[in-house]
Amino acid sequence: MSLLDIRNLSVRFGAADAVPVVDGLDLSVEKGEVLAIVGESGSGKSVTMMALMGLIDAPGIVQADCMQFDNTDMLRLKGRQRRRIVGKDLSMVFQDPMTALNPSYTVGFQIEEVLHQHLGLKGKAARARALELLERVEIPGAASRLDAYPHQLSGGMSQRVAIAMAIAAEPKLLIADEPTTALDVTIQAQIMELLLDLQRDQGMALVLITHDLAVVAETAQRVCVMYAGQAVELGQVPTLFDAPSHPYTEALLKAIPEHSAGARRLATLPGIVPGRYDRPQGCLLSPRCPYVQPRCRDERPTLDAHERGAARCFFPLVPTTEVA
Amino acid sequence: MTVTSLDQSLLYPSPLKEFWQAFSHNKGAVCGLGFMLLMVFCALFAPWVAPHHPSEQYRDFLLTPPVWLEGGQWRFLLGTDELGRDLLSRLIHGARLSLLIGLASVVLSLIPGILLGLVAGFFPRLLGPGIMRLMDIMLALPSLLLAVAIVAILGPGLINTIFAIAIVSLPSYVRLTRAAVMGELNRDYVTAAQLAGASLPRLMFFTVLPNCMAPLIVQATLSFSSAILDAAALGFLGLGVQPPTPEWGTMLASARDYIERAWWVVSLPGLAILLSVLAINLMGDGLRDALDPKLKNAI
Amino acid sequence: MLSFIARRLGLLIPTFFGVTLLTFALIRLIPGDPVEVMMGERRVDPEMHAQAMERLGLNKPLYAQYFDYIGQLASGNLGESLRSRESVWKEFLTLFPATVELALAALLFAGTLGVIAGVIAALKRGSLFDHGVMGISLTGYSMPIFWWGLLLIMFFSVGLGWTPVSGRIDLLYDIPPVTGFMLIDTLLSEEQGAFVDALHHLILPAIVLGTIPLAVIARMTRSAMLEVLREDYIRTARAKGLSPTRVVFVHGLRNALIPVLTVFGLQVGALLAGAVLTETIFSWPGIGKWLIEAIGARDYPVVQNGILLIACLVILVNFTVDILYGLANPRIRHQK
């Protein structure tokens, strides 16, 4: 039994016939696993996880056949029950640490809030635990930082605090939504290292949302590549990097400088992600795909499992034998 | 070679058309504009629109109720006041005074306000602090109180009311102009004009000022409505326009004694004030949204 | 924080002197003979006139006169009323609590109702309630409050007979002034029913005076709240599994209140101006009515120093609001 099992998730904003931002997505995460979700901005990576957390408000509509986390269907849960899980067993770190912390409260207050909400810790006990957490996320001079306000911290520091908040109740699954994008390059590696260290240490599962394939190669065990709200390829890390099945994955890999050593310029994929009005009838990548065939323009491919993963393509790049 | 006709949809709409599109999107603003047009019409043609002379006293018809009440008369649609004067005619002539006071005080404060603001903005070291300190002092007194103090010095009356209100609304124009000028002065187009040898007055009035107009126009509408409100308040306190001139606030003050017997003499002048102020504020909201989206959340 | 206060204090002093210049000029700008103006008498006997010039220091050069004025103010001498021959300061002190009581009641009314209405309107954005709050607040903002007061009197006092028409308390009661606050004094006096009567007298004036601040606060709270609810830290708070109430009130409102607080402070000046009108309508014996009566009676010492006192009051309140603003907003507090 997977820790997280999402079947056929769709998220749309506005009317029920609006173009979905996430379109029929299947995703599973095992206990203690690191899964990376990769894709361009607007591909629906963050929205998927926000839907899981219950952070999509009206006019957003979340539909799924099942959204099983830790043996509970998150879709069926109402308010109070959901909040018993969210922030405790299932928590999230966001992209921009400078705006993710409430400017009016001290770091200590914001961490202790989680401890109080989910573990019932109060007063000295909460403060002691908050201090431990700050030390755990390697904030120098942790004791003095408890009473600091977010604006007194640097971006990297703030992200550490946000991480401390997210792991305060020892979650089973931590979602990190581009946790390093807003940070200085020198800090990025430190934060990634901290996250992986915590993941190993606490045996929690980690979903890493990113558009940086280099990071994925170093950290994740499995990858889900998303394009225009759909999963286009699923696979294990080394194999997927060595031999991508989907043209989009290949294009992403070619855009990494290390992979294109020797080439005079980086490969790019022409065109942009289809929007509301220019959604093709066939495969969503068909207008941009270098290997496009007539069939691709007329029919939508499905996500088909093969021996090394799954791809949403009629003509996978690596010839595969389908698994039933 | 064929001449292709220009695609009309690709042409930029004229600024005026663009403005009207944004403005007419706001229904409240259009309603406000409609009411204002009605008021302006009444004010311009008051002697012809009003059924009676505003100070003619029909001694046999003291405190006649409006037409839809028992005892009402078709001759006096909105009834008469304690001296038998037709209320509707007085209200119509009152619109004249309110608009005059509003317009005159806005003009009298806008022009010196812009000048002082420009000077304060262009000479931030030499003259700026002095001017701004002076404005701070004026702002230390609530506007109505300052107006009251000024009228206490000058004495009551129409002209003094206009002056008092103009002086009171001066600081907001100065501050607004200065802030806008300071913002624009750092822009490259100003430097370019300077390098091209533009003289100081040219720089002030032709280069910078047109780019500061949006917030000023919005502020002018808002101070137009508060001018009407303040003028009525002064009239009500007996410090503004003096009776028997049909000024709305003055009318309210003399109607106070009939509060138990004739609700219409109390209600109608106030309603006229409320509606006209509301109409201008609605228009101001629409103008602000159309001209200066940045100000959308400001009050 | 201390340096923050010190900087604000530094700005306060020139403003204060500016206001004294203004009130000093006030008397000199009134057309007519200054002695006649100050003595409140016409055609003063020439000998007495000369004496008065000497006594009032009006024969000295202007700057010396100004220094005299400042000297007097510094020694706490604000002159005396021409009508009652009481010292202006003493009259002010007797009447001031009445205005404060009225203003506080109005602020309480406007603040509570305005913040609640603004928060609900923001949470139910686009709903009927939201449109209602916005419409009512725009109407309230455009309200000529002297008329509004008359309407309420006409309806509640004359029509329904629920509330008294004027004053702070019924003549039946003889309440010794201890604090000057009628609500407290009636409680202290232990007279039966006096407190309730004082409350009855306070309700209408407080509603009238609170109407415009209510409109402004409701509008401001709504827009500030809408802005704050879009912030990332609200998402973080929700992701922590906090209850919606806690998210809205602890994380949202606290930040939304910072701009609202400033508006609140700016409303204090407007409140004093409104007090002039409200006190006149309801015959409320406070400083607003005192000032208007003094103008009517050409009681210039009262006018001059009454205005000075009110201006100082506004300056002090704005200063306090600035400080509170700093306390509420850590980013400002820590500015160097």
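Guide: Begin with strand pairing: two strands count as paired if DSSP finds at least two bridges between them. Note also that this is a predicted model.

Visitor: How many bridges join E10 and E11 of chain A, and in which sense do they pair?

Guide: The general idea is that strands of a sheet pair through backbone hydrogen bonds, either parallel or antiparallel. Here strand E10 (residues 222-227) of chain A pairs with strand E11 (residues 230-236) of chain A in the antiparallel sense, over six bridges. To see one position in that pair, find Val223(A), which stands opposite Gly235(A) in E11(A).

Visitor: What is the order of the strands in the sheet of chain A?

Guide: The order is E7-E8-E9-E3-E10-E11-E13-E12. These eight strands of chain A form an open sheet with mixed pairing. At its edges are strand E7 (90-93) and strand E12 (304-306) of chain A, each of which pairs on one side only. From one strand to the next, the twist averages 20 degrees.

Visitor: Now the helices. At what angle do H6 and H7 of chain B cross?

Guide: Two packed helices are described by the angle between their axes and the distance between the axes. For helix H6 (residues 143-154) and helix H7 (residues 158-185) of chain B, the axes cross at roughly 140 degrees and come within 9 Å. An angle over 145 degrees would count as roughly antiparallel, and H6(B) and H7(B) are therefore oblique to each other. Their crossing is right-handed. On the H6(B) side the contact is made by Ser143(B), Leu146(B), Ala147(B), Ile150(B), Val151(B) and Leu154(B). H7(B) brings Asn160(B), Thr161(B), Phe163(B), Ala164(B), Ile165(B), Ile167(B) and Val168(B). By class, the residues of this contact are ten nonpolar, three polar and no charged.

Visitor: Which hand does the crossing of H6(C) and H9(C) have?

Guide: H6(C) passes H9(C) in a left-handed crossing. The axes of helix H6 (residues 128-141) and helix H9 (residues 194-229) of chain C come within 8 Å, at roughly 140 degrees. That angle makes H6(C) oblique to H9(C). Val133(C), Ser137(C), Gly140(C) and Tyr141(C) of H6(C) take part in the contact. Among the residues from H9(C) are Thr211(C), Ile212(C), Arg219(C) and Arg222(C). The contact of H6(C) with H9(C) has seven nonpolar, three polar and two charged residues.

Visitor: Which pair of chains has the most contacts?

Guide: Of the two pairs of chains that touch, chains B and C have the most contacts. Chain C gives 42 residues to that contact and chain B gives 36. On the side of chain C that touches chain B, H11(C) gives the most, with eight residues. This side of chain C has 33 nonpolar, seven polar and two charged residues.

Visitor: And how many residues make the contact between chains A and C?

Guide: Chain A supplies 25 residues and chain C supplies 18. On the side of chain A that touches chain C, helix H2 (79-85), E7, helix H3 (97-100) and helix H4 (107-119) each supply at least two residues. The largest share, four residues, comes from H4(A). By class, this side of chain A has eleven nonpolar, nine polar and five charged residues. Chain A and chain B do not touch, and their nearest C-alpha atoms are 19 Å apart.

Visitor: Is Thr106(A) buried, exposed or partly exposed, and why?

Guide: A residue is buried if 20 or more other C-beta atoms lie within 10 Å of its own, and exposed if 12 or fewer do. Thr106(A) has 18 such atoms within 10 Å, so Thr106(A) is partly exposed. Thr106(A) sits in the loop between H3 and H4 of chain A. Not counting residues up to four places away in sequence, Thr106(A) touches Leu146(A), Asp147(A), Ala148(A) and Tyr149(A).

Visitor: How many residues of H1(A) are buried?

Guide: In helix H1 (residues 45-53) of chain A, nine of its nine residues are buried. Among them are Lys45(A), Ser46(A) and Met53(A). Gly54(A) follows H1(A), and the phi of Gly54(A) is positive, near 75 degrees.

How values were computed. Residues are numbered from 1 along each chain as its sequence is written. Chains are lettered from A and ligands numbered from 1 in the order in which they are written. This is a predicted model: local features need pLDDT of at least 70, side-chain atom pairs count only at pLDDT 80 or more; totals for chains, interfaces and linings use all residues. Axes are lines fitted to C-alpha atoms, for helices over the stretch in contact, and angles run from 0 to 180 degrees between N-to-C directions. Angles under 35 degrees count as roughly parallel, over 145 as roughly antiparallel, 65 to 115 as roughly perpendicular and the rest as oblique. A crossing is left-handed if the near helix is turned anticlockwise from the far one by less than a right angle, and right-handed if clockwise. Two residues are in contact if their C-beta atoms, placed from the backbone, lie within 7 Å. Ala, Val, Leu, Ile, Met, Phe, Trp, Tyr, Cys and Pro count as nonpolar, Asp, Glu, Lys and Arg as charged, and the others, Gly among them, as polar.
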